[in-house]
Amino acid sequence: MENQIDGQTIQQRRERVLDATTELIQTLHDAYGWFNNEELANTPLRIAKFYEEWFDNRNGFNFTTFPIDEEVMTIMTDIDFYSLCAHHMLPFFGSVNIAYLPRPKGKICGASKLVRATTKVFSKPGTQEPMTVELTDYLYAELEKPLFLMVQVTGKHTCMMIRGVKQKTNMVTSGLRFDEEMKPQLNHLKTEAFEAWRAGEGKN
Ligand SMILES: [Zn+2]
């Protein structure tokens, strides 16, 4: 069963997470006196439900594709993503740009699938670099090895903003996959993607 991890049912998982979040909130309250009675009673359940909702984003998503005859570069800019860093469990968020060139008689996907794939990959605690690789690999497989695929992720990490160095700097990571036969045109394809991304930036 897709929803079972280590044999735990949904109900068992909910109870364990609720127990742990209750313990965390009560422990923080005992240490720092932060919460009122309503929050002590209900915040643990709100946190537990958030994790459930978030986990569901990883499931039940059908990456539909369509055949295409022409070779046409498809480009999406400014896909929002929201995640939590696995080191501090604090949000990091930003935008994703994607460009791909399908094979002749290859596959394209509906534009919303690129958004859903982004949401799926970032809906778990992680770090930006491996999640960029995961998104690139996921799209490369689902789009049946396009001739060229480039993914760029720009993220702001609140764990760097409210703690530590206290900077709102952007982290930029990228993933690239291409067919060997495209090597002579690689720079041209990258430039086309970069120019289209720049044209689309900040337009939404
Ligand atoms: Zn962090």
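User: At roughly what angle do the axes of helix H1 and helix H2 cross?

Analyst: This is a predicted model, so treat the geometry as such. Helix H1 covers residues 10–32 and helix H2 covers residues 37–56. Their axes come within 8 Å of each other, and the crossing angle is roughly 135°.

User: So is H1 parallel, perpendicular or oblique to H2?

Analyst: The axes of H1 and H2 cross at roughly 135°. An angle has to be over 145 degrees to count as roughly antiparallel, while 65 to 115 is the roughly perpendicular range. The H1 and H2 pair therefore ends up as oblique.

User: What is the handedness of that crossing of H1 and H2, and which residues of H2 make the contact?

Analyst: H1 passes H2 in a right-handed crossing. From H1, the contact uses Arg14, Val17, Leu18, Thr21, Thr22, Ile25, Gln26 and His29. The H2 side is made by Leu40, Thr43, Pro44, Leu45, Ile47, Ala48, Tyr51 and Glu52.

User: How many nonpolar residues does the contact of H1 with H2 have?

Analyst: Sorting the contact by class gives 2 charged and 5 polar residues. The nonpolar count for H1 with H2 is 9.

User: How far apart are the axes of H3 and H4 where they pack?

Analyst: Helix H3 is residues 111–122, and helix H4 is residues 128–142. They pack at an angle of about 140°, which makes H3 and H4 oblique to each other. Their axes are 10 Å apart.

User: Which residues of H4 touch H3 there?

Analyst: The crossing of H3 and H4 is right-handed. On the H3 side the contact is made by Ala117, Thr118, Val121 and Phe122. By class, the contact has 7 nonpolar, 1 polar and 1 charged residues. The H4 residues are Met131, Glu134, Leu135, Tyr138 and Leu139.

User: Zooming out, what separation do the centres of domain 1 and domain 2 have?

Analyst: The protein is split into domain 1 (4–56) and domain 2 (65–200). Its C-alpha atoms fill a box of roughly 65 × 45 × 30 Å along the principal axes. Over C-alpha atoms, the domain centres are separated by 32 Å.

User: Is Val96 buried or exposed?

Analyst: Val96 lies in strand S3, residues 91–101. Its C-beta has 25 neighbours inside 10 Å. The cut-off is 20 or more, so Val96 counts as buried.

User: How far is Val96 from Val151 in space?

Analyst: Leaving aside neighbours within four places in sequence, Val96 is in contact with Ile79, Phe81, Thr118, Val151 and Val153. One of these, Thr118, also takes part in the contact of H3 with H4. Val96 and Val151 are 55 residues apart in sequence, but C-alpha to C-alpha the spacing is 7.1 Å.

User: And what is the C-alpha distance between Lys107 and Phe35?

Analyst: Lys107 lies in strand S4 (residues 106–109), and its 18 C-beta neighbours inside 10 Å make it partly exposed. Beyond four places in sequence, its contacts are Thr65, Phe66, Pro67, Ile68, Pro102, Leu143 and Glu144. Lys107 and Phe35 are 72 residues apart in sequence, and their C-alpha distance is 52 Å.

User: Which residues does Thr64 touch, not counting residues up to four places away in sequence?

Analyst: Thr64 is found in the loop between H2 and strand S1 (65–68). It is exposed, with 11 other C-beta atoms within 10 Å. Its C-alpha is 19 Å from that of Leu147, 83 residues away along the chain. The residues Thr64 touches are Cys109, Gly110 and Lys113.

User: What value is phi of Lys145 near?

Analyst: Lys145 is found in the loop between H4 and strand S6 (148–157). With 15 other C-beta atoms within 10 Å, Lys145 is partly exposed. Phi is positive here in a residue other than glycine, and the value is near 55°.

User: What about Lys166: what is its phi?

Analyst: Lys166 sits in the loop between helix H5 (158–161) and strand S7 (170–178). It is exposed, with 8 other C-beta atoms within 10 Å. Lys166 is not a glycine, yet phi is positive, at about 50°.

Terms used. Residues are numbered from 1 along each chain as its sequence is written. This is a predicted model: local features need pLDDT of at least 70, side-chain atom pairs count only at pLDDT 80 or more; totals for chains, interfaces and linings use all residues. Axes are lines fitted to C-alpha atoms, for helices over the stretch in contact, and angles run from 0 to 180 degrees between N-to-C directions. Helices (H or I, at least four residues) and strands (E, at least two) are DSSP runs, numbered from the N terminus. Angles under 35 degrees count as roughly parallel, over 145 as roughly antiparallel, 65 to 115 as roughly perpendicular and the rest as oblique. A crossing is left-handed if the near helix is turned anticlockwise from the far one by less than a right angle, and right-handed if clockwise. Two residues are in contact if their C-beta atoms, placed from the backbone, lie within 7 Å. Ala, Val, Leu, Ile, Met, Phe, Trp, Tyr, Cys and Pro count as nonpolar, Asp, Glu, Lys and Arg as charged, and the others, Gly among them, as polar. Domain bounds come from an automatic or database domain assignment. A residue is buried if 20 or more other C-beta atoms lie within 10 Å of its own, exposed if 12 or fewer, and partly exposed in between; C-beta atoms are placed from the backbone.
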